[in-house]
Amino acid sequence: MALWGKKDKYVDLSEKMRKKQERIESIKSDFTDSKKEETPASNPGFFSFFGGGAQGSVGSPDPSNESPEEKRKRLSKKLSDMTIKMEDLENQIYHLKQRMEVLERKQKIGY
């Protein structure tokens with residue numbers, strides 16, 4: 001897929017991109033699996049959208065009452081969310097760089 005010159009003078013990033021997409025899909029599937037495992041409260045109450053429901057626990061649950069398995073699940077969920085956000089931002093930066101290069105080329109040519 002060399003456009004100019006010899007085959008050794010280009011970098012093929014398609015395999016890296018393919019692996020990255022597979023990793024994103026596996027993280028998303030892990031994330032959806034962990035969401036399915038969580039069971040919602042039977043009666044969340046009026047203030048459930050603030051995080052705690054009628055019990056008055058706003059924010060995260062008391063860490064001393066969590067089992068190590070629950071802590072691990074919560075941590076893995078946070079890490080997967082952060083990873084997905086970072087990859088989205090990385091893609092946005094890449095697209096902005098591409099747009100800037102197009103604009104710079106147009107400015108130099110004199111469109």
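Which two side chains meet in a salt bridge at 2.5 Å, N to O? The views below begin with that pair.

This is a predicted model, in which local features need pLDDT of at least 70 and side-chain atom pairs count only at pLDDT 80 or more, while totals for chains, interfaces and linings use all residues. Residues are numbered from 1 along each chain as its sequence is written, and side-chain values use heavy atoms, with hydrogens and water left out.

**View 1. E15 and R18 pair up within helix α1.** The answer to the opening question is E15 and R18, whose side chains form a salt bridge. That term stands for a side-chain nitrogen of Lys or Arg within 4 Å of a carboxyl oxygen of Asp or Glu. Both residues belong to helix α1 (residues 14-37), where they sit three residues apart, about one turn of the helix. Helices (H or I, at least four residues) are DSSP runs, numbered from the N terminus. E15 is partly exposed at 40% relative accessible area, and R18 is also partly exposed, at 44%. Here buried means under 20% relative accessible area, exposed over 50%, and partly exposed in between (1.4 Å probe, protein chains only).

**View 2. E87 and R23 link two helices.** Look here for a salt bridge whose closest N and O atoms are 2.6 Å apart, formed by E87 and R23. E87 lies in helix α2 (residues 68-109) and R23 in helix α1, so the pair ties together parts that are 64 residues apart in sequence. Is E87 buried or exposed? E87 counts as buried, with 4% relative accessibility, whereas R23 is partly exposed at 43%.

**View 3. L75, L79 and M82 form a nonpolar surface patch.** Patches are made of residues with over 30% relative accessible area and no salt bridge, joining nonpolar side chains (Val, Leu, Ile, Met, Phe, Trp, Tyr) within 5 Å and like charges within 9 Å. One of the three, L79, lies in helix α2 and is partly exposed at 45%.

Conventions: Areas by Shrake-Rupley, 256 points an atom, 1.4 Å probe, with all protein chains shown as cover.
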